[in-house]
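Dear colleague,

I am handing over the structure we spoke about, and my notes on it follow below. Please read them with the coordinates open beside you.

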Amino acid sequence: MYVCEKCPELIVRRIEHKLGIHGSPTCELQFNGVPATLVGQRRMGLIRYVMALMNGARVAVAGQAIGIAQAAYEEARKYARSRVQFKRPIIEMPQVYDLLARMKSQIQVARAITYEASRLVDVRRMLEHQLDKTPDTALRARLKEVSTYAGLLTPLAKAYSSEMAVQVTYDAIQIHGGTGYMQEFPVERLSRDARITTIYEGTTQLQVVGASVGITSGAFANYIAQLGERQFRPELMKLSSLARETRERLANCVTFLKNFNDRTYSELTARRLVDMACDALGCHLLLVQAEADPARATPAEKFIRDALPRIRMQADYITSGDKLLIEKREELV
Ligand SMILES: Cc1cc2nc3c(=O)[nH]c(=O)nc-3n(C[C@H](O)[C@H](O)[C@H](O)COP(=O)(O)OP(=O)(O)OC[C@H]3O[C@@H](n4cnc5c(N)ncnc54)[C@H](O)[C@@H]3O)c2cc1C
């Protein structure tokens with residue numbers, strides 16, 4: 001990694017014309033023999049420094065996606081309250097309030113996962129500072145554990161929040177009907193702005209590659225077991241047993257993939273496994289929130305009830321061992 005000053009040899013090729021984020025100019029830089037100073041150690045630039053930078057940026061992009069989604073949801077709810085069709089505001093129509101409830105719930109889960117990822121990143125940094133001052137075996141072991149969880153939740157936060165923002169902004173346009181397609185309402189811009197979040201700082205597919213290692217290694221199972229095996233209030237026992245089901249289904253899939261031992265099949269089903277993990281994590285984090293604040297029990301119940309059928313479906317697919325797409329790829333793609 002190098003640092004260099006602006007100079008005639010450093011050329012801004014052109015400002016790109018983009019689908020969204022027009023407030024943030026993007027350009028290609030060309031380095032033609034630019035004088036530069038080495039930062040840190042040689043051969044560490046990409047694998048250590050840039051990866052650290054990128055992991056920080058991934059949490060930031062998750063936050064960006066949540067902000068865009070929140071704005072789109074608020075616009076959609078405002079519009080649904082004011083728009084009258086068939087003599088009633090459209091927010092009273094089940095299909096419309098179903099969409100709004102799902103948007104709100106998914107934003108809440110994205111926020112919970114991203115806060116948790118951020119918390120783990122902060123704890124990791126604190127432990128690193130402590131270890132610098134006082135080398136200690138217990139501290140080192142704790143740092144190892146926290147680093148594993150931070151490294152696991154960062155791609156999950158980025159993948160879940162960005163895909164959620166694309167879906168939520170899409171739904172916000174839908175709730176606006178034809179006016180949503182027009183530039184006079186902000187939702188079309190929010191939809192274009194959301195689109196980049198699944199691409200830069202590593203596409204969703206790359207986050208899946210990163211996260212699936214920690215899921216198949218069993219680290220993710222340990223992490224959510226710590227959340228789910230707490231003592232919950234009696235009113236939350238039903239939800240806590242549903243959360244246990246999400247853990248069990250995920251564990252079955254991991255065991256199946258291990259025994260099936262087919263790398264291409266594991267890659268093919270990795271996205272489903274990560275989607276399951278995000279849903280399971282969302283169930284656990286909202287359950288913990290419900291324990292801390294009884295007002296959060298209903299949103300937790302809503303998300304868990306929505307997530308379980310999705311988790312069962314993904315688990316059925318993963319444990320089917322269906323290799324049709326792999327075997328007939330030429331025909332099907
Ligand atoms: C607005 C904007 C700003 C940007 N800013 C910066 C910046 O500041 N600095 C910077 O360095 N870069 C920047 N980028 C580049 C950006 O990070 C990359 O475009 C992004 O990481 C995707 O890489 P790529 O375009 O090479 O796509 P590719 O890697 O070619 O990917 C193409 C497709 O293949 C899939 N794919 C690739 N590899 C795999 C795999 N192993 N498994 C499964 N699927 C895979 C991808 O998911 C994607 O769907 C910016 C891009 C944009 C659009």
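**Helix H9 and its surroundings**

Helix H9, which covers residues 297-318 and so numbers 22 residues, runs 31 Å from its first C-alpha to its last, close to the 32 Å expected at 1.5 Å a residue. Please keep in mind throughout that this is a predicted model. Within H9 the buried residues are Ala-300, Phe-303, Ile-304, Ala-307, Ile-311, Gln-314, Ala-315 and Ile-318, and the elements that cover them include helix H2 (94-133), helix H7 (237-260) and helix H8 (263-292).

**The chain as a whole**

The secondary structure of the protein chain amounts to eleven helices and six strands, and its C-alpha atoms fill a box of roughly 70 × 55 × 50 Å along the principal axes. The domain assignment divides the chain into domain 1 (2-38), domain 2 (45-199) and domain 3 (208-320); between the centres of domain 1 and domain 2, taken over C-alpha atoms, there are 28 Å. Of the 333 residues in the chain, 35% are buried. Among contacts with a separation of 6 or more, 75% are made by residues 24 or more positions apart.

**The nonpolar core**

The largest nonpolar core contains 74 residues, and those with the most contacts inside it are Ala-69, Ala-72, Ile-113, Leu-156, Ala-277 and Leu-286. Helix H3 (residues 137-176) supplies the largest share of this core, with 15 residues, and at least three residues are drawn from each of domain 2 (45-199) and domain 3 (208-320). To take one of these residues, Ala-69 is in contact with Ile-107, Met-164, Ala-165, Val-168, Thr-169 and Ala-194, once its neighbours within four places in sequence are left aside.

Is Arg-124 buried or exposed? Arg-124, which is found in helix H2, counts as buried because it has 20 C-beta neighbours inside 10 Å, and 20 is the number at which a residue is taken as buried. Leaving aside its neighbours within four places in sequence, Arg-124 is in contact with Leu-143, Val-146, Ser-147 and Ala-150. For Ala-150, which is 26 residues away from Arg-124 along the chain, the C-alpha atoms of the two residues are separated by 7.6 Å.

**Around the ligand**

The residues that surround the ligand are Lys-18, Thr-26, Ile-196, Ile-199, Tyr-200, Gly-202, Thr-203, Gln-205, Leu-206 and Val-209. Sorted by class, this shell has five nonpolar, four polar and one charged residues.

**Two residues with positive phi**

Ile-21 has a phi near 35°, a positive value in a residue other than glycine, and its place is in the loop between strand E2 (10-15) and strand E3 (27-31). With 18 other C-beta atoms within 10 Å, Ile-21 is partly exposed.

Glu-201, which is not a glycine either, has a positive phi of about 60°, and this residue lies in the loop between helix H4 (187-195) and helix H5 (204-216). Glu-201 is buried, because 21 other C-beta atoms lie within 10 Å.

With best regards

Notes: Residues numbered from 1 in each chain as written. Predicted model: local features only at pLDDT ≥ 70, side-chain atom pairs only at ≥ 80, totals over all residues. Near = placed C-beta within 6 Å. Nonpolar A, V, L, I, M, F, W, Y, C, P; charged D, E, K, R; others polar. Core = buried A, V, L, I, M, F, W, Y, C linked by C-beta atoms within 7 Å. Buried ≥ 20, exposed ≤ 12 C-beta atoms within 10 Å, placed from the backbone. Helix = DSSP H or I, 4+ residues; strand = E, 2+ residues; numbered from the N terminus. Domains from an automatic or database assignment. Contact = placed C-beta atoms within 7 Å. Expected span 1.5 Å × (residues − 1).
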